[in-house]
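Hello,

Here is the structure I promised to pass on. Please open it first; my notes follow below.

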Amino acid sequence: MLTLPNILTLSRIVAVPLLLFFLWWREWEVGYALGFATYCLMGITDYFDGYLARSRGTVSKLGVFLDPIADKIMVAAVILILCAKGIIADIHMIAAMVILLREIAVSGLREFLGGIQVSVPVSALAKWKTALQLASLGGLVLAGAVPDQGWVHATSLAMLWGAAALTLITGWDYLRVGLKHMDS
């Protein structure tokens with residue numbers, strides 16, 4: 001169970017409190033820079049845990065279970081702290097909430113479908129959604145480190161809205177598949 005890919009996945013979960021610590025003080029630009037570095041490192045481990053598990057033939061049930069949970073914990077924690085600290089504010093919180101609510105809904109739907117032995121593969125569009133979502137959140141963390149560079153914040157917010165739009169589309173795709181398997 002404690003293979004390198006699983007350790008990398010677990011490290012992402014363990015790193016979330018450290019990330020939140022760095023982002024806790026809105027005026028602490030060095031903290032946001034450290035938070036950005038931590039966030040990037042977490043993203044790198046997300047790539048390598050899957051890559052190593054597949055290339056070494058060590059894909060495990062624990063890894064399959066933990067990887068999406070680690071992703072969702074990281075995304076939810078970053079969205080919540082950025083909203084709490086005002087980096088995501090006002091109308092932009094709608095985009096953040098769309099992303100959070102979709103993550104919860106799709107997780108529940110996957111759990112339901114898993115119980116009836118139905119698998120919903122991740123679509124290419126969902127992968128693009130994830131990439132845009134992670135890039136936008138990373139950019140928003142970076143914006144806290146370079147507050148004098150307003151374009152970083154503005155670009156990241158635009159990307160957040162793009163991720164929210166893709167979130168709605170892919171969420172609907174998952175729901176449509178799930179509805180076919182629900183009792184009338």
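Helix 3 and helix 4 cross in a left-handed way. This is a predicted model. Helix 3 covers residues 61-84 and helix 4 covers residues 92-115. Their axes lie 11 Å apart, and the packing angle is about 155°. An angle over 145 degrees counts as roughly antiparallel, so helix 3 and helix 4 are roughly antiparallel to each other.

Which residues meet there? On the helix 3 side they are Lys-72, Val-75, Ala-76, Ile-79, Leu-80 and Cys-83. Helix 4 brings Met-93, Ala-96, Met-97, Ile-99, Leu-100, Glu-103 and Ser-107.

Next, the cysteines. How many disulfides does the whole structure hold? The search finds zero. A disulfide needs two cysteine sulfur atoms within 2.5 Å. The closest cysteine sulfur to that of Cys-40 is in Cys-83, 20 Å away, and therefore too far for a bond. Are the two buried or exposed? Cys-40 is partly exposed, with a relative accessible area of 31%. Cys-83 is buried, at 12%.

Last, the record. An unreviewed UniProt entry lists residues 7-25, 31-52, 73-101 and 151-175 under "transmembrane region". I have figures for two of these stretches:

- Residues 7-25: 89% helix, 0% strand, with the end C-alpha atoms 29 Å apart.
- Residues 73-101: 76% helix, 0% strand, with the end C-alpha atoms 13 Å apart.

Best wishes

Definitions and conventions:
Residues are numbered from 1 along each chain as its sequence is written. This is a predicted model: local features need pLDDT of at least 70, side-chain atom pairs count only at pLDDT 80 or more; totals for chains, interfaces and linings use all residues. Side-chain values use heavy atoms; hydrogens and water are left out. UniProt positions are given in the numbering used here, feature names are shortened, and annotations may be inferred rather than shown by experiment. Helices (H or I, at least four residues) and strands (E, at least two) are DSSP runs, numbered from the N terminus. Buried means under 20% relative accessible area, exposed over 50%, partly exposed in between (1.4 Å probe, protein chains only). Axes are lines fitted to C-alpha atoms, for helices over the stretch in contact, and angles run from 0 to 180 degrees between N-to-C directions. Angles under 35 degrees count as roughly parallel, over 145 as roughly antiparallel, 65 to 115 as roughly perpendicular and the rest as oblique. A crossing is left-handed if the near helix is turned anticlockwise from the far one by less than a right angle, and right-handed if clockwise. Contact means heavy atoms within 4.5 Å.
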